[in-house]
Every structure is written in structure tokens, then in C-alpha cells.
There are 2 protein chains.
Amino acid sequence: MSIAEPLPRYAEIRRELEEKILSGEWPPGHRVPSEHDLVAQFGCSRMTVNKAISALAAAGLVVRRRRSGSFVAAPKSQETVLEVHDIKAEITGSGRSYRYVILDRERRRARPEDLARLGAAKGSFDVEALTVLHFADERPFVYEKRLINLAVVPAAAREAFAASPPGTWLLEQIPWTEAEHTIRAENAGADVAHHLAVARGAACLVVARRTFQAGTTITAVTLTYPGERHQLVARFSPATR
Amino acid sequence: MSIAEPLPRYAEIRRELEEKILSGEWPPGHRVPSEHDLVAQFGCSRMTVNKAISALAAAGLVVRRRRSGSFVAAPKSQETVLEVHDIKAEITGSGRSYRYVILDRERRRARPEDLARLGAAKGSFDVEALTVLHFADERPFVYEKRLINLAVVPAAAREAFAASPPGTWLLEQIPWTEAEHTIRAENAGADVAHHLAVARGAACLVVARRTFQAGTTITAVTLTYPGERHQLVARFSPATR
DNA sequence: AGGCTGATTATGTATAGACAATAAGAGCGG
DNA sequence: CCGCTCTTATTGTCTATACATAATCAGCCT
């Protein structure tokens with residue numbers, strides 16, 4: 001499976017130290033040998049071991065303190081990298097056919113509830129409100145309600161979203177600097193049940209995302225997935241954090 | 001607020017390049033000046049600019065190709081760091097009172113369905129099966145069903161879990177090397193509805209987690225949260241990935 | 001045109017050395 | 001014992017250089 005590729009020296013040293021930490025041989029708080037000692041042990045220059053230990057520090061496995069030395073870090077809180085793909089890519093990436101319809105579309109002055117969804121305190125600007133239904137293999141996959149801040153993305157008002165759905169189009173258009181996800185479970189209301197073809201009251205996974213650029217909200221989207229047909233999966237290791 | 005701390009030279013260069021990328025001045029695909037050019041521009045050695053660009057590459061903002069140069073990376077797929085805290089820490093951290101009860105506990109030889117939950121193909125070993133209910137401010141917070149692989153953690157059979165609940169105890173006991181999360185929505189069954197004090201059929205957020213050490217599963221846990229009372233929140237920016 | 005070859009260029013890795021910053025420890029005076 | 005300074009160990013950053021590796025490009029031969 002894995003060919004014997006010659007790892008660079010610093011990666012080799014890093015791996016060796018990492019193994020001692022992950023195996024528990026060096027428990028949290030244990031002092032890692034000094035760079036000087038490691039230079040003698042591995043027979044390389046200090047820059048090389050420095051690169052190895054610095055990488056471990058960047059990964060949060062060790063803490064470095066001047067004069068004191070490097071120490072194995074305390075076990076981290078459970079943080080996981082959750083991949084939430086672009087819907088189009090998520091579906092086509094797994095070999096299924098993809099289609100979407102825009103159920104509703106309205107341009108309006110931002111109402112108080114729109115401002116709340118965007119997380120904006122106040123303001124007077126226009127928003128584009130969209131309701132989109134995405135299909136995977138011709139079955140309803142996710143029900144999307146989106147608000148786009150037209151003060152930031154005026155082009156959205158003129159876009160037909162014929163080639164790409166709004167989410168994909170936005171990703172291609174503007175760089176974002178921050179995003180916020182909220183994940184919860186909800187019972188399907190009449191509207192959602194109808195469009196997703198599930199029973200009323202069926203458990204649905206709701207992912208709400210707000211995307212920001214330099215402090216102002218670009219878009220707020222709520223994605224409702226049928227609970228029994230969709231799940232988010234995340235696999236990770238503490239080292240690659 | 002922020003004092004004028006003298007950033008190291010490589011961090012300063014990194015910040016400057018990063019700003020050009022995040023502001024959109026350098027769109028995806030744009031070629032970053034070569035190390036040689038940056039050396040001339042910033043008046044430092046190549047190792048220093050190399051460190052800056054390498055950091056950007058590690059963060060996924062640029063892609064480096066030999067001979068070709070460094071290029072601004074395409075916008076990444078939406079990946080977010082989801083913090084899933086230890087339950088005890090999660091509750092006490094927000095100032096609420098914490099309590100738990102062990103509803104059920106059994107030591108048994110691993111059954112086929114246990115093996116499936118642990119993700120083990122086959123094997124003959126004992127497991128500790130636990131059902132725990134956690135309270136926040138005396139209200140049911142989460143319903144936990146856990147399996148512990150006693151072949152890896154024999155001490156779990158002798159532990160009373162009097163001071164800490166099993167999840168917290170395990171975190172303190174053994175280092176893990178990998179974990180897998182699955183998040184879905186489910187309608188509450190009779191059992192869950194009773195313990196969480198919600199209506200039957202109420203939407204619940206189900207987080208299933210498997211924790212591994214060097215390939216073998218340590219523990220598999222299913223956490224069921226009442227949907228209307230709990231949500232996972234994740235905030236992140238692409239640069240800090 | 002097609003394909004081979006060698007030069008060029010940019011990054012990848014490594015070395016040896018230097019000075020700075022910081023914190024721990026040693027020693028000393030009161 | 002307390003507080004001061006001096007020394008020293010350790011990491012942080014930076015320079016200058018070197019060779020390796022890979023990809024592109026230009027030119028040459030058939």
C-alpha cells in the first residue's frame with residue numbers, strides 16, 4: 001500500500017517524537033530532550049530538530065518555553081474538523097446525480113427578522129431571500145433558505161443562478177474571512193415535510209451557517225436535511241489538528 | 001487593545017501576503033512572487049521568506065509547486081473546527097450545576113451488535129456497557145450509551161465512576177490517536193423520551209463518537225441531546241485551519 | 001512534426017554559525 | 001531569610017550557503 005518513500009530528516013524526527021507522546025511513553029508534562037541533546041542523538045543540525053519540534057508545537061502536542069525546555073502538552077479538548085462541503089460538490093462527489101430548483105425568490109428591504117438571522121444589529125439595506133430545494137438522484141436531499149446581503153454582494157440581485165445554486169455561486173464569487181455553524185435537530189413542519197417528502201414531525205438535521213467578510217455578514221443559510229437520510233461524519237486525530 | 005509587539009520578520013511577511021490573499025487582491029490562481037523576488041523586496045534571507053510561505057502552505061492558503069512557483073489556493077471546501085467538549089466541562093464551564101447518574105451497567109462478552117458499534121470486524125473480548133444520564137441545573141441534558149473495550153482498558157471494569165463520569169474518566173486515563181464523529185437527527189423513542197423528559201417523537205440530536213488508539217477501538221458512545229434544548233456551535237476562519 | 005537532451009529556475013531540505021530574549025539557578029550582601 | 005546581580009541554559013530568530021529535486025523551456029536532431 002504505502003511505498004517506502006524517504007521521509008525528510010525533520011519529518012522523521014518529528015514522527016519519532018510524536019510516537020513517544022501518543023503512545024503515552026512521554027506523558028503530559030514530560031520534558032522533551034533539549035534541542036542540543038537531540039542534535040547529538042540524531043546527528044543533525046539544530047535547525048533541523050528545531051523544525052521538528054516547532055511543528056509539534058504548532059500541532060499543539062508540545063509547549064515550548066525559553067530556558068525551561070519543551071514539554072508534552074496536556075490532552076486537548078475534543079475538537080474535531082467537521083467537513084461541511086458545498087452541496088453540489090458533496091452530491092456529485094459521491095457519484096449521484098444533482099439537480100436543484102429555486103422555489104422562491106424575493107428582493108426586499110431587510111426586515112427585523114432578516115437582520116436577526118444575519119446577526120446584524122441594525123442597518124438599512126436590501127437582501128435577496130431564496131428558497132432552494134436540492135435533489136440527489138432525484139430524491140429531495142436538503143431544503144435551503146438563504147438570505148444574501150445585497151450591500152456586500154450587489155451582483156446577486158442580477159444573477160439568475162442558472163448554472164450554479166446560490167451557495168456554490170457565492171463561494172466562487174467572494175472570499176470569506178469567517179463562518180459560524182449551528183447544528184441542531186428539529187421536527188419537520190408542514191412546509192419542510194412537504195418538500196423533503198417526509199412525515200410531519202420527522203426528525204431533521206438543521207445546519208445554520210453565517211458567513212462573514214471582515215465583520216459584516218455576507219449570507220445566512222439554513223439547511224434542513226431529512227434526519228434518517230443524512231448525517232455529518234468527521235474523522236480526525238489530535239495530531240493533525 | 002493590542003500593544004505594538006514587534007512581530008518576527010517571518011510573521012510580518014506572512015501577514016502581509018495573507019492580507020493580499022484574503023482581501024481578494026490576489027485571487028485564487030494568482031502567482032505569489034518567487035522567494036527570490038521576496039528576498040529582494042523585503043531585504044532578508046531566503047530561509048526567512050521560505051518560512052513565511054511554508055506557513056501559508058501549511059494553512060492551505062497557497063499551493064507550492066517546484067519550478068512553477070507558489071499560487072493562491074482555490075477556496076477550500078467548508079471545513080470547520082467543531083468543538084465537542086467533555087460533557088462535565090461543557091456544563092460546569094457555562095456556570096451550570098452538573099450531576100450524573102449511572103442508569104445501567106453490565107459487563108459482558110462482546111456481542112455481534114457490540115462489535116458493529118465498535119467498528120471491529122471480529123474478536124472475542126469483554127466490554128463494559130454503560131447507560132448514563134447527565135443533568136445540567138437538575139434538568140436532563142444528555143442521554144449516553146457507552147461501550148468500553150475492556151481488552152484495551154481493563155481498569156474500567158474495576159472503576160466505580162464515583163468521582164467522574166465514564167467519558168471524563170477515560171479522557172484522563174488513556175491517550176487516543178483518532179476519533180470519529182457521526183451527527184444525525186432522530187425522533188425520540190420511548191426510552192429516550194422518558195429519560196430526557198421530552199415528548200415521544202421529539203427531534204433529538206444524536207452524536208455518535210468512536211475513539212481509537214493505534215487502530216483498535218477504545219470506546220463507542222452515543223450521546224442523545226434534546227433537539228430543542230441543545231445545539232452545536234462552531235465558529236472558524238479559513239486562515240486558522 | 002515528434003521526440004530527446006540539456007539548461008534554467010524555483011522550491012525542498014540541510015548545515016554551520018550568530019546574536020537575542022528569557023527564565024532558572026547560583027552566589028552574595030544585607 | 002530576602003532581595004539583588006551575574007551566570008548560564010534553552011529556545012527564537014536570522015543569515016549565508018549548499019546541494020537535491022522537479023518541472024519547464026529552448027534548441028537540436030531525426
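What covers the buried residues of α6(B)?

Reply: This is a predicted model: local features need pLDDT of at least 70, side-chain atom pairs pLDDT 80 or more, while totals for chains, interfaces and linings use all residues. Residues count from 1 along each chain as written, chains are lettered from A and ligands numbered from 1 in written order, and side-chain values use heavy atoms, without hydrogens or water.

The cover of α6(B) includes α4 (87-93), β6 (126-136), β7 (139-149) and β10 (216-226) of chain B. Contact means heavy atoms within 4.5 Å. Helices (H or I, at least four residues) and strands (E, at least two) are DSSP runs, numbered from the N terminus. Helix α6 spans 166-173 of chain B, and its buried residues are P166(B), G167(B), T168(B), W169(B) and L170(B). Buried is under 20% relative accessible area (1.4 Å probe, protein chains only).

Elsewhere in chain B, an open antiparallel sheet runs β1-β3-β2. β1 (31-32) and β2 of chain B are the edges, each with a single partner strand, so one side of each has no neighbour in the sheet. β2(B) and β3(B) pair over four bridges; pairing takes at least two DSSP bridges. R64(B) has S70(B) in β3(B) as its bridge partner.

Then DNA strand C. 22 residues surround it, with R9(A), T48(A), R64(B), R66(B) and R67(B) the closest. Near means a heavy atom within 4 Å. One phosphate oxygen is 2.3 Å from a polar backbone atom of R9(A).

Methods. A polar contact is a pair of N or O atoms within 3.5 Å; within protein, one must be able to donate a hydrogen and the other to accept it, and residues adjacent in sequence count only if both atoms are side-chain atoms. Buried means under 20% relative accessible area, exposed over 50%, partly exposed in between (1.4 Å probe, protein chains only).
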